[in-house]
Amino acid sequence: MVENVTSPDVIHGIEVKIGQVPLWRVRLQMLWISIKANLKLFFENPIGVIGLVIILFFFLMAIAHPILMRTVWPPAIYDPIRGFDLSILVHPSGPSLSHILGTDPFGRDVLSQLMYSTSSEFALGAIAALVTVFFATTIGAVSAYYGGWLDTIFMRFADLIIMTPFITLLIVLSTLFDVGMVELGIVIGLLGGFGGTTVIIKSQALTIKVRTYIEAARVAGGGHFHIIMRHIIPNLLPLAFLYMMFTVTSAIFSEAVLSFFGLLNIRMSWGLMINTTQYTGYLLSFDKWWLIFPASVSITLLCGAFYLVGRGIDEIVNPRLRKR
Amino acid sequence: MAEEVLRLEHLTMHYKTRAGELSAVDDVSFKLEEGDSLGLVGESGCGKTSVALTILKLLPENGYIKGGKIIINGKDITNYTENQMRKVRWGEVSMVFQAAMNALNPVYRVGDQIEEAMVTHLPPLSKEDMQARIDELFRLVGLDPALKTRYPHEFSGGMRQRAIIAMALSCGPILIIADEPTTALDVIVQDSLLREMREFQKKLGMAMIYVSHDVGVIAEVSERVGVMYAGRMAELGTTAAIFHDPIHPYTMALMSSFPSIVGEKTELVSLPGEPPNLLNPPSGCRFHPRCPFATQICIDQNPDFVEHEPGHFAACWHPRGKK
Amino acid sequence: MRAYILKRVAQILLTYFLFLTGVFFLIDAQPGDFGAAYFSDPRLTAEQRHTLSNALGLNKPVGERYVQWIGNFLKGDLGVSFSNYPRPVTDVIVERAPRTIVLFLTATVVSFYTGFAAGKFLAWKRGQLLEYTATIAGVSLFTVFTPWFALVMIWLFAFRLGWVPIGKFINAQFWMGSPVTAGSVFQQMLVTAILAGLALFTVLFLVRRLDARYRNYVRWGGFAVILAGVILYWAQTGIGTLALDILHHLILPVSVVTLISFGGTMLLTRNSMLETLREDYILAARAKGLTEKEIRDKHAARNAMLPVVTAFVFNLAFTLDGGIITETIFSWPGMGATLLEAAITEDIPMVMGGLVFTGFLALTAHLVADIMYAYLDPRIRYA
């Protein structure tokens with residue numbers, strides 16, 4: 001510590017020789033150092049790590065499915081939608097060596113369905129999260145920076161969305177329009193991006209707006225666009241990243257509920273697996289647990305995992321939560 | 001002979017942190033009599049606030065008293081339980097917190113928060129007597145009694161601090177500890193508050209401990225000054241002695257960083273480096289890495305806290321820089 | 001305080017108006033004609049078809065239809081439900097809304113109360129094992145797939161243990177030949193519950209003014225008297241057993257909705273409480289020599305409750321969604337199940353009615369939470 005202070009050309013352990021190293025490299029190095037520090041904090045906290053492990057597990061499942069289909073699983077039997085095992089007489093059949101999680105009432109392999117659906121759950125979560133973050137950060141930053149009637153309109157609108165029950169609205173939407181995975185992701189993203197997430201991001205942007213470096217940028221002649229893009233939005237990104245995690249949770253959850261009610265136009269998903277169980281009348285046949293538990297547990301686990309990662313990031317983004 | 005109010009004997013307090021034991025207060029001793037006022041001064045993190053909190057055993061979960069004794073009003077409270085401590089807190093020793101700190105609960109009326117302290121510590125009073133006493137306290141600290149039904153957010157910083165002082169006085173304590181009492185206030189308010197606090201103290205005859213990083217504040221209000229460095233008491237003496245005839249090199253540096261307007265021009269001694277990391281304090285005298293007079297003995301052995309002149313103590317191997 | 005409430009009421013009314021507008025144009029924007037599915041129903045006569053078409057104003061421009069719809073709404077006319085033809089939508093709402101309100105209200109109050117108490121306790125008694133168990137339980141309840149959770153509860157308590165019925169609002173066999181309808185019994189139950197609640201509140205309020213010595217006697221005495229009154233009243237009506245049947249069917253759905261919102265409240269209270277405990281006024285309260293209980297319940301909990309109430313507003317929608325799912329799984333005919341069914345059968349007036357009701361419930365709860373917040377935080381009240 002003492003050495004750092006006495007020699008002014010050393011910042012955080014990086015040698016800064018002005019004029020020799022381009023500025024972007026210094027910035028990159030600084031960024032890398034802060035990422036390393038944050039990762040270290042993240043991994044100190046078991047909550048976030050548990051979440052990450054679960055996500056990783058499902059990610060591997062998603063990757064493994066096409067590989068298995070091409071190698072050991074003959075498509076005629078293991079295709080998640082059209083497959084059928086002729087060698088078994090009665091479907092649904094319980095777990096066996098060839099069907100580790102059994103088959104569903106239509107003779108399809110449950111494990112294959114489970115793994116096949118994983119990638120679309122990730123895709124859905126990613127779409128919803130990206131859309132949310134894009135709109136929430138833009139609107140939050142603009143609303144906080146300009147204030148006035150623009151702010152009023154966006155915030156009233158956000159109030160409206162916050163109080164509207166998400167799934168109720170989606171139920172209505174999905175019966176009126178043809179909603180598939182992508183559309184659902186976009187709608188969930190929009191609801192988050194104009195609703196609750198915006199309000200939170202905006203209140204953060206308000207605290208950034210009054211900081212001295214914004215004033216400095218303004219005095220230095222920075223335009224509005226420049227200030228918003230270069231100074232406000234980058235400082236909102238950590239919080240935005242945190243809310244991406246929560247958006248993923250709500251996207252996966254909503255999809256599952258809607259599919260369970262049979263309202264979505266998709267071919268296979270965890271929710272749809274439970275829907276199949278329901279309309280074939282096996283909903284309360286817990287002795288045939290493989291019909292309802294694998295999908296339900298997966299939904300719960302993946303939702304929980306993203307939530308846990310969110311909580312882990314929360315403790316880094318909001319240092320007041322950190323244990324001393 | 002005035003009654004002794006507080007005596008600390010070799011008080012040592014540690015925090016348990018994830019990175020290890022942090023020695024926040026190390027071997028601090030002093031005593032205080034009725035009507036005394038002592039200022040504790042030092043850089044942030046030197047342990048002055050920790051001393052203040054330890055006296056009332058208001059330590060966070062991870063802090064504990066490792067050794068030494070705290071004697072308040074003749075009673076050794078070192079091993080008092082939380083329940084026993086409750087009677088000592090505010091009843092005998094009260095605190096004035098930093099004004100920037102939100103020591104008033106935002107959701108309760110100011111008057112009610114004072115009443116709460118009195119209900120806890122004073123013999124039962126009728127409603128009218130209680131209100132009369134609160135009015136009296138408000139007038140004493142220069143607040144309009146009508147303000148007692150207001151909420152803290154309706155008070156300015158200075159008013160809030162006056163309310164906290166009124167609360168500190170409410171149960172007739174024998175000692176008040178003021179932790180950075182005026183730090184967050186503007187200079188004018190600061191000045192009048194300090195003067196008033198000095199007056200109450202004289203009028204009510206209690207002892208006072210002021211904790212501040214601001215040498216100016218300490219000089220204004222206290223008769224004696226204790227200079228703390230890295231959890232240890234470096235020097236203790238009358239305000240005049242500390243200011244005009246410091247013994248410890250750290251005090252010398254601290255005083256010269258506070259230039260006197262009227263006094264003769266002296267060279268400002270600069271202090272290189274930062275206060276040490278208390279997780280792993282330097283050996284011997286904790287000041288030695290920054291001390292211009294340090295020799296081998298300073299690295300090897302911790303100097304005792306000895307009386308160099310009557311009432312003027314210091315812990316240094318090279319008092320006044322002498323070899 | 002009054003000015004604040006008036007302002008909030010005005011804002012909420014405006015929001016509700018915007019909501020209604022949103023609902024209308026959302027439904028209007030759907031592709032195709034929104035009566036088509038029903039007009040093609042061969043059971044309808046040409047005359048009925050014509051009346052329906054006119055009543056819906058399907059051949060008028062959208063602006064005019066909007067004005068008409070809002071006007072009808074203000075007159076309390078939401079049109080005729082296709083799937084319950086010829087019952088008016090309002091009629092269906094009047095019958096089923098009380099059920100959803102009871103489900104929502106009971107679940108909300110109970111989960112808020114117990115979640116807050118549990119979170120407070122967790123923050124106070126910190127311990128590694130307890131903390132992990134509670135966090136895991138809380139996160140599980142918060143993120144569990146609601147339909148599955150409801151199924152597991154049904155399987156366990158209804159199927160295996162047989163403590164409660166598997167689903168539905170009443171046991172139909174039991175009600176055969178009874179002189180009253182389930183709706184009217186339920187409405188009577190609701191009135192009793194409200195009156196008992198008010199009496200309870202009055203007792204609690206009066207007790208605070210009493211001398212500390214008598215407080216407990218009067219409090220528990222009051223509870224006993226109210227309880228006895230309710231039981232006596234229902235015993236003499238002769239339909240007490242029917243009311244019990246409804247209650248019996250109510251237990252499990254209410255528990256499910258309560259539990260799913262309990263986890264979130266508990267976790268949030270714990271965090272909020274831990275943050276509050278670091279505040280300076282808590283240190284000051286300790287320095288004042290207050291008891292642990294006073295510090296925790298009076299100083300910390302009151303402040304820790306503020307973010308929990310705020311989050312309650314954010315979670316309202318979540319709880320209402322939980323209600324829809326639960327009602328559907330339990331075949332419990334409240335507004336949630338009705339809305340879902342209407343959506344699936346494309347009963348547009350009923351869907352709109354359902355949304356109108358849901359918005360009303362959400363905004364009323366929002367308003368109550370706002371008023372509660374203002375009551376708890378003087379900084380809002382005197383702003």
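Among contacts in chain A between residues at least 6 apart in sequence, what percentage join residues at least 24 apart? The figure is 71%, where a contact means that two C-beta atoms, placed from the backbone, lie within 7 Å. Before we go on, note that this is a predicted model, in which local features need pLDDT of at least 70, side-chain atom pairs count only at pLDDT 80 or more, and totals for chains, interfaces and linings use all residues. Residues are numbered from 1 along each chain as its sequence is written, while chains are lettered from A and ligands numbered from 1 in the order in which they are written.

Let's stay with chain A for a moment. Its C-alpha trace spans about 80 × 50 × 35 Å along the principal axes. Chain A holds 13 helices and 2 strands, taken as DSSP runs numbered from the N terminus (helices: H or I, at least four residues; strands: E, at least two). Of its 324 residues, 44% are buried, a label for residues with 20 or more other C-beta atoms within 10 Å of their own C-beta, again placed from the backbone.

Now turn to chain B and its strand E3, residues 37–41. Here 5 of the 5 residues are buried, and both faces are covered: Ser37(B), Gly39(B) and Val41(B) lie on one side, Leu38(B) and Leu40(B) on the other.

Which strands does E3(B) pair with, given that pairing takes at least two DSSP bridges? One is E8(B), residues 207–212, which runs parallel to E3(B) and is joined to it by 5 bridges; there, Gly39(B) has Tyr210(B) as its bridge partner. Another is E9(B), residues 224–229, also parallel, with 4 bridges to E3(B). In E9(B), Val227(B) stands opposite Val41(B).

Technical notes
A residue is buried if 20 or more other C-beta atoms lie within 10 Å of its own, exposed if 12 or fewer, and partly exposed in between; C-beta atoms are placed from the backbone. Two strands pair if DSSP finds at least two bridges between them.
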